[in-house]
Amino acid sequence: VFQNAYNELHPKNAGEVGKNGFLIEYEVQNHPVRGRTIVTKEDIPKGEKFWTGKEWHVTFTERQDFRNFLELLPMAYRCEILLWAYVCQEEVAVDLDPGSFFNHADDKKMINVSTSRAKRNIKAGEELLMDYGTFIDFNEVPWFDKLRSKAWKVPSLKKKGRNKNDNGVVNHSTEGYNQVGAPTVFVPATQYEKAINFFQGGEVTPGARFAAVLFVLPAS
């Protein structure tokens, strides 16, 4: 769905639908806190490259281009893109393959991968965790921050990285939202089903359905 939509919008930069950047056997599992996450099915030696990060890494520099992409997607999938997208070097970036399920490590001691290589010897069955702070830039693309904060209109909760404006709407900073990694504040993690790989034609998880109810694309 995501890859087809991008190819329709940018035929000159079209990628191979169904392809991803993984160089290892992996599976998407559901973590009780982080939500969907990548778990390796094989040992990865320190320094080995496990993901290219290039196959379906796409960027947007213009607000309208990003909106046009969202509008090509079903409502629930728009939520997924807003969940995965981040700012890097003044561009809005998103990986349209399961690489978007890589999670941020809550503790630096838990970090076992960079954006493409193993930082230590990793055993099969381990979750692959990285440091978002090494590639995500914060507060550099105002239109993206504004679009994301307007899209997620939910009752305010006093959490780090969340601010309540005069209208009582939660404004998620790019930093706060990406550090959380999933909207588990609003949808209890226990409600997530076993992870479904959207890139292979699965259905929408309960968490995504809930988000879809909340998400209305703001007017231009």
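Me: I've spotted Val-58 in the structure. Which residue stands opposite Val-58 in strand 5?

Reply: That's Val-94. Strands here are DSSP runs of E with at least two residues, helices are runs of H or I with at least four, and both are numbered from the N terminus. Before we go on: this is a predicted model, where local features need pLDDT of at least 70 and side-chain atom pairs count only at pLDDT 80 or more, while totals for chains, interfaces and linings use all residues. Residues are numbered from 1 along each chain as its sequence is written, and side-chain values use heavy atoms, with hydrogens and water left out.

Me: How do I read strand pairing, and how many bridges join strand 3 to strand 5?

Reply: Two strands pair if DSSP finds at least two bridges between them. Strand 3 (residues 57-60) and strand 5 run antiparallel, with four bridges joining them. Thr-59 in this pair stands opposite Ala-93.

Me: What about strand 4 and strand 5?

Reply: Those run antiparallel too, and three bridges join strand 4 (residues 86-88) to strand 5. Tyr-86 stands opposite Ala-93 of strand 5. The two strands form a hairpin with two residues between them, and Gln-89 takes a positive phi near 55 degrees there.

Me: What order do the strands take in the sheet?

Reply: It's an open sheet of three strands, in the order 3-5-4, with antiparallel pairing. Strand 3 and strand 4 are the edges, since each pairs on one side only. From one strand to the next, the twist averages 40 degrees (axes are lines fitted to C-alpha atoms, for helices over the stretch in contact, and angles run from 0 to 180 degrees between N-to-C directions).

Me: Is strand 5 mostly covered or uncovered?

Reply: Buried means under 20% relative accessible area, exposed means over 50%, and partly exposed lies in between, using a 1.4 Å probe and protein chains only. Strand 5 (residues 91-95) is mostly covered, with four of its five residues buried. Helix 4 is mostly covered as well: seven of its ten residues are buried, including Trp-143 and Phe-144.

Me: Which residues touch the most other members of the largest nonpolar core?

Reply: In soluble globular proteins, nonpolar side chains tend to be buried together. A nonpolar core is a set of buried Ala, Val, Leu, Ile, Met, Phe, Trp, Tyr and Cys residues joined through side-chain atoms within 4.5 Å. The largest one here has 45 residues, and Phe-66, Ile-81, Val-92, Leu-96, Leu-128 and Phe-144 touch the most other members. Helix 3 gives this core its largest share, five residues.
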